[in-house]
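Here is a short tour of one structure, taken a region at a time. Have the sequence and the model open as you read along.

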Amino acid sequence: MVKIEKSPVPPESLATEKTKTSGRYNKDDVMAQLNTDFHGKCYLCEINELQTVEVEHLKPHHGTDRDRMFDWNNLFLSCGHCNSVKSDRFGDDILDCCKNEPEACFNQELIDGHVKVTPIKDDVSTLRTAELITECFEKRNTGIRVLECDVRIRALQSTMTVLYRTLEEYSQSQTVKSERTLRGMLNRSYKFAGFTRTYVRLNIERYPELAELVAI
């Protein structure tokens, strides 16, 4: 999870759809703007090229709260897997990454093939969000979730392997190619940027020239 700069202007369809008994909060303009704002990534696991795209309500509406249902500030881009993992169990406690800086709240790491999200702060929203992100990669309580978690772990491993290799190349010769690649991978728009940025930030003594790229 990384900070998202979300468009402040709600898509036009939301106001109209809210007045309808069976109005939809996932009309074309909503989906297009969410995809743009969230860089085509699930806001929780940060996988891109989503196979299942869903509108996730940060704060649950329970099917009755129409203000929350159609509130632009409550709509997030999610993959079906993470939306299912989150469900309504986490209530109103999840960190709003459009208003808060997740990287100042927890570190996101891949260690020995498993995701570890370590809280830096001890408030409820930080702790619960760290728990949720971990579950998005590690909750394997059904056969389907085993497969979906494995897909995310493999994709994350592949990304981190490229990062490690590029950092090694950069530390040896600081080529234009390696610097360009790192600038892309450390940009918040990149897949799994919460992990790539955490890694560099935690090892910044080895790559002091990259500090500006991972600044919070």
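## Cysteines

In this predicted model, the sulfur of Cys136 lies 3.4 Å from the closest cysteine sulfur, that of Cys82, which is too far for a bond. The cut-off here is that a disulfide is a pair of cysteine sulfur atoms within 2.5 Å. By this rule there are zero disulfides. Cys79 is likewise in no disulfide, with the nearest cysteine sulfur, that of Cys82, 3.5 Å away.

Are these cysteines buried or exposed? Cys136 is buried, at 0% relative accessibility, and Cys79 is buried too, at 1%. Buried means under 20% relative accessible area, exposed means over 50%, and partly exposed lies in between (1.4 Å probe, protein chains only).

Residues are numbered from 1 along each chain as its sequence is written, and side-chain values use heavy atoms, leaving out hydrogens and water. Because the model is predicted, local features need pLDDT of at least 70 and side-chain atom pairs count only at pLDDT 80 or more, while totals for chains, interfaces and linings use all residues.

Helices (H or I, at least four residues) and strands (E, at least two) are DSSP runs, numbered from the N terminus. Axes are lines fitted to C-alpha atoms, for helices over the stretch in contact, with angles from 0 to 180 degrees between N-to-C directions.

Helix 5 (residues 124-138) and helix 6 have axes that come within 7 Å and cross at roughly 100°. That makes helix 5 roughly perpendicular to helix 6; angles of 65 to 115 degrees count as roughly perpendicular, under 35 as roughly parallel, over 145 as roughly antiparallel, and the rest as oblique. Cys136 turns up again here: together with Glu135, Phe137 and Glu138 of helix 5, Cys136 meets Cys149, Arg152, Ile153 and Leu156 of helix 6. Contact means heavy atoms within 4.5 Å.

## Helix 6 against helix 7

Helix 6 (residues 143-173) also packs with helix 7 (residues 176-185), at an angle of about 140° and with the axes 9 Å apart. Helix 6 is therefore oblique to helix 7. Residues making the contact include Leu163, Leu167 and Tyr170 of helix 6 and Leu182 and Met185 of helix 7.

## The loop at Asp93

Asp93 sits in the loop between helix 4 (80-86) and strand 3 (106-111). Asp93 is partly exposed, with a relative accessible area of 30%. Beyond its neighbours within four places in sequence, Asp93 contacts Val124, Ser125, Arg128 and Thr129. The C-alpha atoms of Asp93 and Leu58 are 9.0 Å apart, with 35 residues separating them along the chain.
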